[in-house]
Amino acid sequence: MIPELGLFALVLALAVAAVLGVLPLVGAHRGDSSWMAIGRSAAQAQWLLIATAFGCLTYAFVTNDFSVLYVAEHSNSQLPTVYRVAAVWGGHEGSLLLWMLMLSSWTLAVSLLSRALPEAMVARVLGVLGLVSFGFLLFILMTSSPFERLLPAAADGRDLNPLLQDPGLVIHPPMLYMGYVGFSVAFAFAIAALLSGQLDAAWARWSRPWTTTAWIFLTLGVGLGSGWAYYELGWGGWWFWDPVENASFMPWLLGTALMHSLAVTEKRGAFKNWTVLLAIGAFSLSLLGTFLVRSGVLTSVHAFATDPRRGIFILTFLGVVIGSSLFLFAWRAPKVGLGGRFALMSRETLLLMNNVLLAVAAGSVLLGTLYPLIIDALALGKISVGPPYFETVFVPLMVPLLFLIGLGPSARWKEASVIDLARRLRVAAGVALAAGIILPFALGSWKPLIGLGVLLAVWVAAATVTDIRNRLKNSAGGKPPRAFWGMHLAHIGVAVFVIGVTLVKGYESEKDVRMAPGDTVLVGGYSVRLVGITNRTGPNYSAVVGELELSKDGRLLRSLNPEKRKYFSSEMPMTEAAIDTGFFRDVYVSLGEPVGEKDGSGAWSVRVHHKPFVDWIWGGCLLMALGGLIAVTDRRYRLKVKGVAA
Amino acid sequence: MKRFMIPLFLFVVLLGFLAWGLKPGYDPHEVPSPLIGKPAPAFLLKQVDSNAADFSPEQMKGKVWLLNVWSSWCVSCREEHPVLLSLSKTGAVPIYGLNYKEVRGDGGFKEPDVETPESNAAELALGRRRAEAWLSQHGNPYVLTAMDITGRVGIDYGVYGVPETYVIDKAGIIRYKRIGPVTQESLEKKILPLVKELEKS
């Protein structure tokens, strides 16, 4: 009964989405207030219906209703309750419902937080979001309903993929989807602007907090995904350039470009068309990511069940949404003016370069991700594109980008003087150069790429501190707003991230050894001794637990307990690494296979990694997200915009 | 206006490629074997039947034949077995078996630290018993089965998942490789038409 209620709610939501997608847009076109006003209530009704559907599915999971096919496929009576809730988005159908819940939540947020906006703009934004919702709901109902019954009911479920039974995976997909879907609001604002022809500073100011909020979630989502891969896959890597990872990284890159471009549009009225194009692009890449993950056209370590019918639907949807937006862009954009003029050397130019670099980066990730498909389609053979391509392409793009991060905030709008800029930042440049030369020696050995990475990270940090000092000294402009602090904190986050990537890449060491109880292995100045191997039984798995002692200079630090789990339902072996996390390094231990059965020594193959500064990678992501959060709470976004007519 | 059409144009091109990726039967996981168009690697192996002479692909010159890699521990082999059995009854093409790592491929077996003639003989004997038992239980579609007990021939052939099936022509050249179970569909659409064509030449 409850699952049917959920299905019914989805069908009703589809009808509401149709209303939301048509009436407010028509109303805005005609200037009919009563039609425009329908947008808000429809958005709220839609959210209520989808939340009901989502609640029904969650209820089916928590109560182990194995007469629902999707529950039987992704849960099990032995699964702990928290994972039963997470199992709601453990498969294709539920992920889409989560996607839809996020989309309707963003729509709801727009309907509630847009009191200060002109009614036509709100109507158009909500209408565009309604059209996107309509497409997605149709997709769910036609190809991927999570409420399909299984009769007779299964005695027990097949269980959630053990890889997903992890706290990181409980929050990773919701965060990522919040980010993905959040760009739909920026997209809706862009389309509304093209429809109305109003593409000005006020429009940019409305779009900015929404874009930044989506970007915060996406940053956290991508960071969490990478952290999860690090500790759950047991390989010690943190980014694999897998198509599914790339699918989340591309919208992040364009979203970052969009945030910066919006700043220019708001402050100087320039880059209007470019900003609109970026907003369309960021959301398009989110949709494309969904397509790539769900259609099976690319090979990925994330094995999703694929269905060509779904692929065709998403592709059609993609074609309609992106195609019509780009058509609208080609039609309307030429009429938009150019905005404020600026000199060759100005903050605008620097931000333009930032945008070009980020867009090229996103383009090269897209090319690398789709290259195997393109080559195959042109019958030029079968290839796979791996980390060497991405790393080769990325370093030359990121070097100038990091250099610009240091310059940008100190440069003046409209026209900046090179001499003035050089004078202001010479100390920062000196500090960075010295750090790049000296610091690697202190940490071990000097290598060109490590020197460069350290130099750039310190440059970003030092230039940021310089700009903050200058601003505080020169208090004529009053107290700096929160947006100022947010921007600088996020840039410091970039510096921290770069330090993490550079040092872990440069100095990590690993040993893959056979260890019998009593054996010791030395890695990165730490010694790890295997005390013994024991067995343990968890709620839905049995595990072999290694007991290892980590010590340095003869002093015992702690014990590490990596596990090798076997889940009852799937017999799938899972590696749970044990990690000693530190501010300057991780020691990472994972169990391989038993290799001492023949001689009765009880030996195992054990992999031990020493990873200097690896946690700075995620620390950097957190700082970036926190910077975004501070910027979004800036006072001027909360002020009512006065005197702007639609 | 033209300049503003560029994004739309690029998107349409992209859409074309994505649509191509959705065509039925497209599988990005499928890796073509580098051995296609190359001579089948030579080997000389003992057969399941301990009384038979050693088998070498050299002996197959002048015939079009299938080499099917299987073993008793392979679950998907059971799936394709009925297809192979009915194929062998039609006599369309002779099927030769290559039994891959019958003993050491099985999870329960521990490889000897040092291979000695005695350990090899014992492993071969055990492998023959298991393979024979499996064939008598499920039926035998093979003209004969060669025992790749150490898996070294499998390495030469680039076996990375059992079952695998090779189509080898009269000159001993590998013409096609199928990874995974042979299905009735793959047989009718790909393997048999290819065999017919090769028979003509």
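Predicted model: local features only at pLDDT ≥ 70, side-chain atom pairs only at ≥ 80, totals over all residues.

Analyst: Residues are numbered from 1 along each chain as written; chains are lettered from A and ligands numbered from 1, in written order.

Chain A has 18 helices and 10 strands (DSSP runs: H or I of at least four residues, E of at least two). Its C-alpha atoms fill a box of roughly 85 × 75 × 55 Å along the principal axes. The radius of gyration of chain A is 26 Å, and this agrees because a compact globule of 646 residues would have one near 26 Å (C-alpha atoms; 2.2 Å times residue number to the power 0.38). The domain assignment gives chain A domain 1 (1-165), domain 2 (167-302 + 344-398), domain 3 (417-504) and domain 4 (509-613). The C-alpha centres of domain 3 and domain 4 of chain A lie 39 Å apart.

Now the interior. In chain A, 51% of the 646 residues count as buried (20 or more other C-beta atoms within 10 Å). Among chain A contacts (C-beta atoms within 7 Å) between residues at least 6 apart in sequence, 75% join residues at least 24 apart.

Helix H6 of chain A, residues 119-143, is a clear case. Its 25 residues reach 36 Å from first C-alpha to last, close to the 36 Å expected at 1.5 Å a residue. Of these, 20 are buried, so H6(A) is largely enclosed by the rest of the structure.

The largest nonpolar core holds 205 residues (buried Ala, Val, Leu, Ile, Met, Phe, Trp, Tyr and Cys joined through C-beta atoms within 7 Å). Ala186(A), Phe189(A) and Ala279(A) have the most contacts inside it. Helix H7 of chain A, residues 167-196, gives the most to this core: 18 residues. Beyond its neighbours within four places in sequence, Ala279(A) touches Ala186(A), Phe187(A), Phe189(A), Ala190(A) and Leu258(A). Apart from this core lies another, of 37 residues, including Val93(B), Ile95(B), Ala131(B) and Ile174(B).

Last, helix H5 of chain B. In H5(B), Leu187(B), Ile191(B) and Leu198(B) are buried. The buried residues of H5(B) pack against helix H2 (75-90), strand S4 (164-168) and strand S5 (174-179) of chain B.

Conventions: Buried ≥ 20, exposed ≤ 12 C-beta atoms within 10 Å, placed from the backbone. Contact = placed C-beta atoms within 7 Å. Domains from an automatic or database assignment. Expected span 1.5 Å × (residues − 1).
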